[in-house]
Amino acid sequence: MGLIQQLFNTGSFIGPALAAWLATRTGGWHSTWWMTCACAAVGIVLSCCLRPRVTAPATVAALALAPAPAPVGDTTTALTADGTTDSGAPHA
């Protein structure tokens, strides 16, 4: 996060001066669009290089072969005729 913040601050500091220099050299602001596109492309490349890598992507075949999860809780609970649950335990 700190690296991103530092790069953002550097771009905010250098960007306007670089754009003004380019406009002065080329005779107008009409040529600064390609500088904006170049900076965006550099940002995209950097973000692709900095993102975390996935070591082994899950495939459909691997998910199909995975064992089923164990049931959670009491598996003997059944729904009775009156809509309540009966766990099979004797009633007091």
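The structure shown here is a predicted model. The patch consists of L3, L7, V42, L46 and L50, and together these residues have about 470 Å² of accessible area. Two elements, α1 and α2, each give two or more residues to this patch.

The next feature is the largest pocket. Rolling a probe the size of a water molecule over the atoms shows where empty space is left. In this model, the largest pocket holds about 530 Å³ of space. Its lining is made of 18 residues, and those nearest the centre of the pocket are L7, F8, C39, G43 and L46. Helices α1, residues 2-26, and α2, residues 33-50, are the elements that give two or more residues to this lining. Of the elements, α1 gives the most, with ten residues. Sorted by class, the lining has twelve nonpolar and six polar residues, and no charged ones. L7 and L46 belong to the surface patch, and both are also among the residues nearest the centre of the pocket.

The mean pLDDT of the protein is 76, with 57% of its residues reaching 70 or more. Among the elements, α1 has the highest mean pLDDT, 90, while strand β1, residues 78-79, has the lowest, 60. Where pLDDT is low, the predicted coordinates should not be read in detail.

Note on methods
Residues numbered from 1 in each chain as written. Predicted model: local features only at pLDDT ≥ 70, side-chain atom pairs only at ≥ 80, totals over all residues. Heavy atoms only, no water. 1 Å grid on protein atoms, 1.4 Å probe; cavity = no way out; pocket = protein on both sides within 12 Å on 5 of 7 lines; lining within 4 Å. Points joined across faces, edges and corners; volume = space filled by probe spheres on them. Helix = DSSP H or I, 4+ residues; strand = E, 2+ residues; numbered from the N terminus. Nonpolar A, V, L, I, M, F, W, Y, C, P; charged D, E, K, R; others polar. pLDDT = per-residue confidence, 0-100. Patch = residues over 30% accessible without salt bridge, like charges linked within 9 Å, V, L, I, M, F, W, Y side chains within 5 Å. Areas by Shrake-Rupley, 256 points an atom, 1.4 Å probe, with all protein chains shown as cover. Salt bridge = Lys/Arg side-chain N within 4 Å of Asp/Glu carboxyl O.
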